[in-house]
Amino acid sequence: MFVWGESEGELGINFDHIWQKTLTVLNPLKPADGSIMNETDLAGPILFCVALGATLLLAGKVQFGYIYGMSGIGCLGIYALLNLMSSSGVSYGCVASVLGYCLLPMVILSGSAVFFSLQGMIGTVLALVIIVWCSLSASKIFISALDMEGQQLLVAYPCALLYGLFALLTVF
Amino acid sequence: MAAVDDLQFEEFGDVATSLAANPDATTINIEGPGETPKRLGPPRGSGREEDDELLGNDDSDKTELLAGQKKSSPFWTFEYYQTFFDVDTYQVFDRIKGSLLPIPGKNFVRLYIRSNPDLYGPFWICATLVFAIAISGNLSNFLIHLGEKTYHYVPEFRKVSIAATIIYAYAWLVPFALWGFLLWRNSKVMNIVSYSFLEIVCVYGYSLFIYIPTAILWIIPQKAVRWILVMMALGISGSVLAMTFWPAVREDNRRVALATIVTIVLLHTLLSVGCLAYFFDAPELDHLPTTAVVPNQTVVAAKSS
């Protein structure tokens, strides 16, 4: 059923684009291409959310409800903010998609929580680095897709608060 | 320099003449490296802002007119509120810097806001303050009671909601009351300077910024340190508020003017002292276990004898 060789699977999942977007997230310093967000897909984000839940489960924390709840409300907040700050509007699916993709470094953080406890200096520093990484990637994609120049840090800050909540969930 | 702040209906020429007339007038330099090409591109109304800043802060009629043209959408759509988020990163940083460095004679509203009040700053500064107070309060209680075997640390999440209610209420209701009061006084005494509701919200929001590092430093469990921090924060933000609102009430009856400024500072004091008292336990509580141990020992001594 999954045809890995072709770029358009039977489920309509374009693996090539997913991989491209993942690479954009993983390298926060590389400028993003504004057109990659033209098609909003939720396959990647859902995958990352499930991965986050799974790694948290491995670390002993069963908190699926909190993850989905916070994601939903956080997406709503960022959606409202981006519509207010940009001249062209943005759809909720696009916001959810970008925020979901940028959750990938958080999965790395919760994965490492399985191996060592994050409640220490190393854990705190790692969590801060990951939060900054996530929010810089997310804000980079948002401002390149919505043409909001000079406002990257203003967009990054609310994203950092949202990812900070996720990090709190992971660490404590 | 005083003329620039007081008179709204000042003649303005082009950039060169107004800068020549007021060589020490503060202008915001927007032509940083790489900024200029971007400034002209996006159709966000940035051209209008650029004109406003180049011509100095005396063409408030022009921007008032344009401000009137801005708000044409009904208030339940996003477009109506989009005008209040039309700020760039450097503008927000500038305004925060202005709230941290109150300079006598320089009016925060005239200098930094310039008829472009934004809701981004006040909203996020309040949100950050709520988080900072809640987290610092919990952390400080945790650290103070560290090592006590009888104390079981429970993160108090309801403090977050209480902090949120208090701070947002302060940031919106007090400006509303102040705005209503100034409006009422304006109808009785002709004041030269008057502020719109959003400008007052803006000033209050940005003046709360100093409390964020203060709240984080309140984790230090020394009473003297905490009170020094309160004094410093109150001094800075109180003076920003006082200097902003003094020109607005100066024309009024002397007593009313003084009473207004005193009330503003008093409410600010109440907020900071209240937050300190409610969210942060007093450091003397760590003496309690030792006093609790002593009666035990006397009881044991009495039993054994």
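Modeller: Contact, a word used below, means heavy atoms within 4.5 Å. This is a predicted model, in which local features need pLDDT of at least 70, side-chain atom pairs count only at pLDDT 80 or more, and totals for chains, interfaces and linings use all residues. Residues are numbered from 1 along each chain as its sequence is written, chains are lettered from A and ligands numbered from 1 in the order in which they are written, and side-chain values use heavy atoms, with hydrogens and water left out.

Biologist: Leaving aside its neighbours within four places in sequence, which residues is A:S86 in contact with?

Modeller: A:S86 lies in the loop between helix 3 (64-85) and helix 4 (92-101) of chain A, where helices (H or I, at least four residues) and strands (E, at least two) are DSSP runs numbered from the N terminus. A:S86 is buried at a relative accessible area of 2%, buried meaning under 20%, exposed over 50% and partly exposed in between (1.4 Å probe, protein chains only). The side chain of A:S86 reaches the backbone oxygen of A:L82 at 2.9 Å. Beyond its sequence neighbours, its contacts are A:L146, A:M148 and B:Q82.

Biologist: How far apart in space are A:T22 and A:L104, C-alpha to C-alpha?

Modeller: A:T22 belongs to helix 1 (residues 15-26) of chain A and is buried, with a relative accessible area of 8%. With neighbours within four places set aside, A:T22 is in contact with A:F48, A:Y101 and A:L104. Although A:T22 and A:L104 are 82 residues apart in sequence, their C-alpha atoms are separated by 8.0 Å.

Biologist: How much area do chain B and chain A bury between them?

Modeller: Buried area is the accessible area (1.4 Å probe) that two parts lose on being put together, summed over both. The contact draws 16 residues from chain B and 17 residues from chain A. With 66% of it on carbon and sulfur atoms, the area buried between the two chains is about 1,700 Å².

Biologist: Which helix gives the largest share of the side of chain B that touches chain A?

Modeller: Between chain B and chain A there are 2 residue pairs in polar contact, both at pLDDT 80 or more; a polar contact is a pair of N or O atoms within 3.5 Å, where within protein one must be able to donate a hydrogen and the other to accept it, and residues adjacent in sequence count only if both atoms are side-chain atoms. On the side of chain B, the elements giving two or more residues are helix 6 (78-82), helix 7 (89-100) and helix 9 (120-144). The largest share, 4 residues, comes from helix 9 of chain B.

Biologist: What is the distance between the closest N and O atoms of B:K97 and B:D94?

Modeller: B:K97 and B:D94 are 3 residues apart in helix 7 of chain B, so about one helical turn separates them. B:K97 is partly exposed at 44% relative accessibility, whereas B:D94, at 17%, counts as buried. They form a salt bridge (a side-chain nitrogen of Lys or Arg within 4 Å of a carboxyl oxygen of Asp or Glu), and their closest N and O atoms lie at 3.9 Å.

Biologist: Which cysteine has the sulfur nearest to that of A:C75?

Modeller: A disulfide is a pair of cysteine sulfur atoms within 2.5 Å, and a search of the whole structure finds 0 of them over all chains. A:C75 is in no disulfide, and the nearest cysteine sulfur, 8.1 Å away, is that of A:C49.
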